[in-house]
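Q: Please go through this predicted model with me, setting each computed value beside the cut-off that gives it its label.

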Amino acid sequence: IDALYAFTDCEVSISPNACVIVDEKPQFIGIAEILRVSNEQTVELLKQELEIRRNELMERLLFSSLEKIFIENRIYRDIEECETWEEVIKAIHKGLKPHIKKLIRPVTDEDVARLTEIKIKRISKFDSEKANNDILQLEEQLKEVIHHLENLIDYAVEYFKNLKKKYGEGRERKTEIRTFENIQAT
């Protein structure tokens, strides 16, 4: 076995320096530098994912709150007499105005237009308790995402640990590192 490894390609030495392209130029860097750059890129990608998730949750929270205000305060009744689309938008804005102090951003015409698309069936079956639970759940998810953004490095470490747990178990190294005695080719 020792001779097989010594005189065939079963044993190949690999240089720990790698040639990578940085700013369109080749550079020889070590494994530690490759890992550092790779980790920085992963942390940046995780940050972007969390920011996207935060923005999505904030939008869902805003619309859920608007929908609840729109239905509970019966603002939809204010638009019955309106004859033009502009009047409808103005009436809804006017009806929402006293209730929007706690919202995360100003209400746009686009948000108001989405409110007009709520089906009557949904208005008649509106469950205030369920809406409150949904809003609380969205707020909890948003707090969690904000916490992850504030503690990004800890989040990245957990991300890597989960990768190791998910893809590392049962895939341990099967080779062993040892030195061979001097072998004569003859």
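A: A residue counts as buried under 20% relative accessible area, as exposed over 50%, and as partly exposed in between. With those limits in hand, Glu67 can be taken up, a residue whose place is in helix H2.

Q: Why is Glu67 called buried?
A: Its relative accessible area is 10%, and the label applies under 20%, so Glu67 is buried.

Q: Which residues is Glu67 in contact with, leaving aside its neighbours within four places in sequence?
A: Glu67 is in contact with Leu115, Ile118 and Arg122.

Q: What makes Glu40 and Arg36 a salt bridge?
A: A side-chain nitrogen of Lys or Arg has to lie within 4 Å of a carboxyl oxygen of Asp or Glu, and the closest N and O atoms of Glu40 and Arg36 are 2.4 Å apart, so the pair meets the definition. Both residues lie in helix H2, 4 residues apart, which is about one turn of the helix. Glu33, Arg36 and Glu40 are linked in a network of salt bridges, and the structure holds 7 salt bridges.

Q: What makes the meeting of Lys161 and Glu158 a salt bridge?
A: The distance from N to O is 3.9 Å, and the definition asks for a value within 4 Å, so the label applies to this pair. Lys161 and Glu158 both lie in helix H7, 3 residues apart, about one turn of the helix. Glu158 has a relative accessible area of 40%, and is therefore partly exposed.

Q: Why is H2 called roughly perpendicular to H7?
A: Helix H2 (residues 31-72) and helix H7 (residues 152-168) pack at an angle of about 105 degrees, with their axes 10 Å apart. Angles of 65 to 115 degrees count as roughly perpendicular, so the angle places H2 roughly perpendicular to H7. In this contact, residues of H2 including Val43, Leu46 and Leu50 meet residues of H7 including Ile153, Tyr155 and Phe160. The residues of the contact divide into 9 nonpolar, 2 polar and 1 charged.

Q: Which residues have the most contacts inside the largest nonpolar core?
A: They are Leu66, Phe70, Ile92, Leu96 and Leu115, in a core of 18 residues. The elements that give two or more residues to this core are H2, helix H3 (85-96) and helix H4 (109-116), and the largest share, 6 residues, comes from H2. Not counting residues up to four places away in sequence, Leu66 touches Leu96, Ile100, Leu103, Val107, Asp111 and Leu115. A second, separate core of 12 residues includes Leu50, Leu57, Leu142 and Val145.

Definitions and conventions:
Residues are numbered from 1 along each chain as its sequence is written. This is a predicted model: local features need pLDDT of at least 70, side-chain atom pairs count only at pLDDT 80 or more; totals for chains, interfaces and linings use all residues. Side-chain values use heavy atoms; hydrogens and water are left out. Axes are lines fitted to C-alpha atoms, for helices over the stretch in contact, and angles run from 0 to 180 degrees between N-to-C directions. Angles under 35 degrees count as roughly parallel, over 145 as roughly antiparallel, 65 to 115 as roughly perpendicular and the rest as oblique. Contact means heavy atoms within 4.5 Å. Ala, Val, Leu, Ile, Met, Phe, Trp, Tyr, Cys and Pro count as nonpolar, Asp, Glu, Lys and Arg as charged, and the others, Gly among them, as polar. A nonpolar core is a set of buried Ala, Val, Leu, Ile, Met, Phe, Trp, Tyr and Cys residues joined through side-chain atoms within 4.5 Å. Buried means under 20% relative accessible area, exposed over 50%, partly exposed in between (1.4 Å probe, protein chains only).
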